[in-house]
Structures are given as C-alpha cells and as structure tokens.
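Subject: Two-chain model, handover and findings

Hello,

Here is the structure I promised to pass on. Please load it before reading the notes below.

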Amino acid sequence: MSFEGDEYGKRTLDFVQRLQQLTNYDDVCRHITTELEWFGFTWVTSFSIPGPGCQLKDGILLNNRPEEYVERYAEKNYVIHDPVVKELRRNMNPYSWGDVREGRDLKKSERAIIDEARDFGARDGLIIPIIKLSGSISLFCPCGFEPNLSPRARAALEIIGIYSHHALTRAVMQKQREEVVHTPLTPREREIMQWVASGKTDDEIAEILSIGTTTVTSHVENAKQKLDTFRRTYAVVQAIRLGEISL
Amino acid sequence: MVIVLNGSERRKHSDYFDQLFRLRHQIFVKQRGWPLPSVNSFEIDQYDTEDAVYFLDLDRDGAIQGTVRMTPTVKSSLLADYFPHLVENGQAPRSPHIYEATRYIVLPSYKTREALRSAKARLLTVLVEWCLSKRLSHLQAVIDSVALSSFVEITPRTTPLGLSHPYGGGRATPGGGECLAFRWPISLEVLEDVRAYGVLEGQPPRFADFDRVSRHASATQLH
C-alpha cells in the first residue's frame with residue numbers, strides 16, 4: 001500500500017512546515033482554522049483541562065465555536081455529563097463523536113448533549129487528547145456539519161492537532177511574556193511582602209521594622225492592588241510569580 | 001553520566017552490553033510485547049553490528065537509566081527495511097548524513113515527572129551533540145504515534161515524514177498500535193531546544209539538581 005501522492009500526507013506535511021515558520025498567535029490561529037476547513041471542520045476548541053484552582057477559560061488556547069453554544073455548555077455544566085468527554089476515562093487515542101455514539105449505549109440525556117451541537121451546525125467532531133510531560137491533558141476538538149472522518153483524514157488530523165496544540169502553547173506563552181505588565185513594588189513593599197510570605201502578621205512586621213501597624217497595612221494594601229488581588233495569600237503567590245519576592 | 005560505546009567495543013565492555021541487552025528484553029519483549037528475536041533474555045537484532053553506536057545514561061551504581069542506539073541509515077535502517085511506507089514526502093530513507101535512532105528507553109530510578117524530564121534531556125543532549133560532531137544533517141526515528149507529542153514538546157523542529165500507519169494489528173491489539181517516522185535537523189537550535197527542555201519553565205536551573213540531591217540523600221539513608 002502506498003500513500004505517496006495521496007493528498008492527505010502532502011497537505012499535512014506542508015501544514016506542519018508552514019506552522020513551524022509562524023510565531024505570531026493570530027497567524028498560527030488562522031493557519032490552523034484554514035486547514036481544518038479543508039477537512040470540513042468549521043469550529044475548533046483547543047484547551048488544557050484545568051488543574052485545581054484553575055478556570056476552564058484560562059486553559060483555552062483557541063476557540064471559535066459560537067459564543068451561545070459555549071455559554072450554554074458552561075451554564076448547564078455539560079462537561080460533567082457529556083459522554084464524549086467521559087470517553088476520555090477509557091480512551092486516550094483520538095476518537096470521534098460518532099465513535100462514542102455507536103460504541104456504547106447512551107442515555108437519552110447523553111445523546112441530547114451531542115445532538116444539541118447540531119443547532120450550531122456541528123454533527124460530528126474529533127477529540128484528539130494530548131498528554132504533556134507535565135502530566136496535564138489537553139484536547140484538540142474540531143467539529144463541523146459533515147467533516148471528513150475517513151481513516152486517512154483522521155491520521156492527518158491527529159498530526160495537525162498535536163502540532164497545532166504545541167504551536168498555540170508557544171504562541172500564547174510568547175504573547176503573555178509580551179503582555180505581562182504590572183506596576184513594580186517599591187523596595188519597602190517588597191520587603192514587607194517578603195515578611196508576609198514568611199507568615200508574619202501586620203503587627204509582627206510593624207514590630208520587626210519598628211514602624212506603625214497602619215503603615216504596614218497600607219503598604220500591604222498597596223502591594224495587593226499592584227498585584228491585582230484581594231487576598232493576602234494570593235498576593236504572595238503573585239509576588240513570587242512576578243519575581244518580586246523569592247522563597 | 002552518559003557514555004557512548006561503539007558496537008565494535010562489545011567484548012571490551014561486555015558488562016554494559018549484557019546489562020543493555022537484558023534491559024531491552026525486559027522493556028520491549030516482556031513489557032511491550034514486540035515480536036523481537038531474543039535469546040536467554042537478551043534482545044539482540046540484526047542492527048546490533050560494529051557500526052551501531054550506543055548511548056548509555058548510567059546512574060551512580062552504573063545501572064542504565066536511559067539508552068538509545070544509533071545506526072548509519074546507509075547500512076542499517078528499520079525505516080528503509082520494514083517501514084518504507086511511512087515516508088510520504090518522497091525523501092530517501094537512507095543517506096550518509098542521516099543516522100537512525102532505535103531502542104530508546106528512559107527509565108530513571110525515581111520516576112517523578114521532573115526526573116523523567118531531566119533524564120530525557122540528559123540523554124538527548126549528548127545524542128544531539130554527538131550528531132553535531134559527526135556533522136550529520138538529520139537523525140530519524142520510527143516511533144509509536146502516541147509519542148509524537150512528546151518529541152514536538154521537546155522541539156517544534158520535529159518534522160514528520162508521513163502520517164500514522166497501523167502496525168502489529170493496530171491500536172485495538174495488545175503489542176500493536178500506530179507508528180510514524182520523524183526527523184530532527186541537526187543544528188544548534190535543536191541542541192538549545194533539548195537543553196532548555198531539561199530546565200523547568202520559569203525556574204532557575206538549580207531545580208534540575210534537586211533530583212540528583214534527593215536521590216543521593218535516599219541512597220545514603222539506605223546504607
């Protein structure tokens with residue numbers, strides 16, 4: 001069996017080669033969505049499954065599904081009941097919505113979740129799980145009205161999904177590096193946050209530095225504002241993240 | 001510590017080679033169920049010739065915690081001999097400037113994610129440095145498709161030669177799956193990617209040493 005000259009292989013290798021040249025987030029997104037359209041996938045969501053304390057929306061690398069669909073999905077908390085998502089517990093290889101529907105007996109309510117996507121023009125889709133070495137799981141999920149799900153198309157989309165995910169991750173990280181702007185702490189605020197990080201109360205810090213407790217409190221409040229948080233603990237976390245203090 | 005042995009030194013370093021072939025049997029024949037030739041719990045195949053080059057990452061006690069075999073594609077290539085259909089971009093699977101990596105194992109004695117990451121980077125850094133010194137243009141490998149993502153995570157310059165194809169009965173069969181071939185260009189950029197991968201993002205390099213320190217500490221406790 002030779003697939004040389006078959007369009008899937010050539011297209012996909014071209015796709016990867018062009019993707020390797022792109023670093024700008026918007027260019028990467030456009031390149032991915034254009035390629036998916038050729039396969040009949042109108043929509044795509046690429047995201048990391050959130051770890052504890054993280055919001056789903058923070059893990060989204062790319063999403064062009066209609067907003068109403070995403071909102072309804074989030075509002076009804078479908079992610080807990082969606083059989084397509086549940087399938088991940090038994091399968092880390094790529095699979096389609098159709099595979100899940102045909103693979104096992106679904107409850108009416110489960111089928112309804114898949115069918116609801118039809119209102120938005122998606123009758124079938126693919127789930128491509130990507131396990132990172134950090135242990136986190138990411139999903140690349142294109143869908144459409146009549147997407148091409150032939151074996152060769154799936155093999156192509158698996159590669160497209162993996163490369164897209166990693167290219168998006170890199171592009172997002174670069175964008176964030178360019179965007180991170182916070183007002184730097186003053187030396188005094190930094191010193192006080194360092195004491196906060198070691199568990200001292202404002203009273204204790206006041207005593208250590210021989211200044212008034214209200215002065216300490218106002219420094220801490222200013223630091224919290226600059227670090228964009230309301231809570232003391234999270235202010236410490238942010239200060240470490242931004243390199244203002246160290247442990 | 002990573003050492004590089006030539007296939008011609010098999011007798012001279014028989015202790016390392018015995019350990020290597022035994023480990024390969026354990027991993028590939030017993031655990032993964034690949035139908036490979038093996039004698040007395042040694043896994044040795046037709047590519048274990050004098051031309052092969054072996055990279056062994058040894059721990060303090062001289063036990064292998066990572067290894068990969070490199071063969072000149074002109075003489076020994078799994079891709080050319082058994083998986084030519086994996087090449088879909090019309091390129092020749094053999095070239096005097098391309099070596100092929102096979103029998104890749106990373107097995108740190110402490111299996112934390114951090115240890116796995118630094119063990120991979122340690123082995124692959126020496127591998128890429130060696131390829132640079134040999135002035136190779138590329139290294140290539142046939143891998144199970146599930147591993148593709150981990151190589152792309154190490155360097156985005158990982159380039160597939162074709163799409164996935166089933167082997168050994170496909171994903172539904174034990175010991176089977178889907179495989180594909182990829183190449184890494186041999187360049188300073190790839191070397192930099194591999195090195196950077198060994199360092200936790202956003203963390204100072206001292207973090208990588210943590211693993212070494214803790215391993216040493218627990219070894220001392222045992223004695």
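**Conventions and confidence**

This is a predicted model: local features need pLDDT of at least 70, side-chain atom pairs count only at pLDDT 80 or more, and totals for chains, interfaces and linings use all residues. Residues are numbered from 1 along each chain as its sequence is written, while chains are lettered from A and ligands numbered from 1 in the order in which they are written.

The model scores ipTM 0.83 and pTM 0.78. For chain B, the mean pLDDT is 87, and 89% of its residues reach 70 or more. (pLDDT is the predictor's confidence in each residue, from 0 to 100.) Among the elements of chain B, strand 5 (residues 64-72) has the highest mean pLDDT, 97. Helix 6 (residues 206-222) of chain B has the lowest, 35. (Two residues are in contact if their C-beta atoms, placed from the backbone, lie within 7 Å.)

**Chain B overall**

Chain B holds six helices and ten strands. (These are DSSP runs numbered from the N terminus: helices are H or I with at least four residues, strands are E with at least two.) Of the 223 residues in chain B, 39% are buried. (Buried takes 20 or more other C-beta atoms within 10 Å of the residue's own; exposed takes 12 or fewer; partly exposed is in between; C-beta atoms are placed from the backbone.) Take the contacts in chain B between residues at least 6 apart in sequence: 64% of them join residues at least 24 apart.

**Where the chains meet**

Chain A gives 27 residues to the contact, and chain B gives 21. On the side of chain A that touches chain B, the elements giving two or more residues are helix 1 (7-21), strand 4 (124-131) and helix 7 (151-179). Helix 7 of chain A supplies the largest share, ten residues. By class, this side of chain A has 14 nonpolar, eight polar and five charged residues. (Ala, Val, Leu, Ile, Met, Phe, Trp, Tyr, Cys and Pro count as nonpolar; Asp, Glu, Lys and Arg as charged; the others, Gly among them, as polar.)

**Helix 5 of chain B**

Helix 5 of chain B spans residues 188-197, with Val190(B), Asp193(B), Val194(B) and Tyr197(B) buried. Seen down the helix axis, these buried residues fall within an arc of 95 degrees, so they line one face. (The arc is that of the directions from the helix axis to the C-beta atoms.) On the other side of helix 5 of chain B, Leu188(B), Glu192(B) and Ala196(B) are exposed. The cover over the buried residues includes helix 3 (113-133), helix 4 (148-154) and strand 10 (177-185) of chain B.

**Helix 8 of chain A**

Here Glu189(A), Ile192(A), Met193(A) and Val196(A) are buried. Down the axis of helix 8 of chain A, the buried residues fall within an arc of 105 degrees, so they line one face of the helix. Their cover includes helix 9, helix 10 and helix 11 of chain A.

The axes of helix 8 (residues 187-197) and helix 11 (residues 232-241) of chain A come within 10 Å and cross at roughly 115 degrees. (Axes are lines fitted to C-alpha atoms, for helices over the stretch in contact, and angles run from 0 to 180 degrees between N-to-C directions.) Met193(A), Val196(A) and Ala197(A) in helix 8 meet Arg232(A), Ala235(A), Val236(A) and Ala239(A) in helix 11. Those residues divide into six nonpolar, no polar and one charged. Just after helix 8 of chain A, Gly199(A) takes a positive phi of about 95 degrees.

**Single residues in chain A**

- Asn77(A) has phi near 55 degrees, a positive value in a residue other than glycine. Asn77(A) sits in the loop between helix 3 (67-75) and helix 4 (83-86) of chain A. Asn77(A) is exposed, with 9 other C-beta atoms within 10 Å.
- Ser210(A) also has phi near 55 degrees. Ser210(A) lies in the loop between helix 9 (202-209) and helix 10 (213-226) of chain A. Ser210(A) is exposed, with 6 other C-beta atoms within 10 Å.

Best wishes
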